[in-house]
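Welcome, and thanks for opening the viewer.

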Amino acid sequence: MNELNPLQETPSFKYSRESRVFKTGRVFPNDVNNHKTLFGGKLMSTIDEVASISAMRHCRKNVVTASTDSVDFLQPIRPTDSVCFESFVSWTGRTSIEVFVKVISENLYTGERIVAATSFLTFVAVEEDGTPAPVPAIIPETDEEKLISESANERSELRKIRRASSKKLASLLNTSKYWE
């Protein structure tokens, strides 16, 4: 039960479309790097923002970002472009939610649209006390949702391997102050 709404039960499944988020913005001079293209950190921040909304729409609980599995910068985004972020839930585990984000740039003078970046992020749903919360399964419907969902189990396994490797590496790293 959700403490905010005790009558709200967690459904057993939801459709990917129920988690869809669209956000469109412009690229302004203060958003670009020294190459006059959209600063990668700005893009990544917005990716995390829209993905977290998709995750929360899916489970209707608080979520925390567990990992940014990938951000692939495919094409430069310029000040003559608008940027459309589209996200949806592509896979779920017991408490984990994978979100796919597609970034489309549109040249505002020509109307040409291209996929400029793609990203996968993983969130964990949490209860009010911070413990992991169960999430509904996901049902993809469109061809694009099905395409992305088909390889989700493989990405989940790779995340587990990468996380174990990261934990091992972290255990070997020095935490002392460099000046001591």
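Is E86 buried or exposed? Select it and look: E86 is buried, with a relative accessible area of 11%. Here, buried means under 20% relative accessible area, exposed means over 50%, and partly exposed lies in between, with a 1.4 Å probe and protein chains only.

Before moving on, a word on what you are viewing. This is a predicted model, in which local features need pLDDT of at least 70 and side-chain atom pairs count only at pLDDT 80 or more, while totals for chains, interfaces and linings use all residues. Residues are numbered from 1 along each chain as its sequence is written, and side-chain values use heavy atoms, with hydrogens and water left out.

**First stop: R20 and E86**

R20 forms a salt bridge with E86 (a side-chain nitrogen of Lys or Arg within 4 Å of a carboxyl oxygen of Asp or Glu), and the closest N and O atoms are 2.3 Å apart. R20 sits in the loop between β1 and β2, while E86 belongs to strand β4 (residues 81–92), so the pair ties together parts that are 66 residues apart in sequence. Helices (H or I, at least four residues) and strands (E, at least two) are DSSP runs, numbered from the N terminus.

**Second stop: R159 and E98**

Next, select R159 in helix α3 (residues 152–172) and E98 in strand β5 (residues 96–107). They form a salt bridge with the closest N and O atoms 3.0 Å apart. The two residues are 61 residues apart in the chain, and both are buried.

How far apart are the closest N and O atoms of E141 and R17? In this salt bridge the distance is 2.6 Å. E141 lies in the loop between β7 (137–139) and α2 (143–150), and R17 in the loop between β1 (13–15) and β2 (21–26), 124 residues apart. E141 is partly exposed, at 32% relative accessible area, and R17 is partly exposed too, at 47%.

Across the whole structure, a search finds 14 salt bridges.

**Last stop: the cysteines**

Finally, select C59 and C84. C59 is buried at 8% relative accessible area, and C84 is buried at 13%. How many disulfides (pairs of cysteine sulfur atoms within 2.5 Å) does a search of the whole structure find? The search finds zero.

Technical notes. A disulfide is a pair of cysteine sulfur atoms within 2.5 Å.
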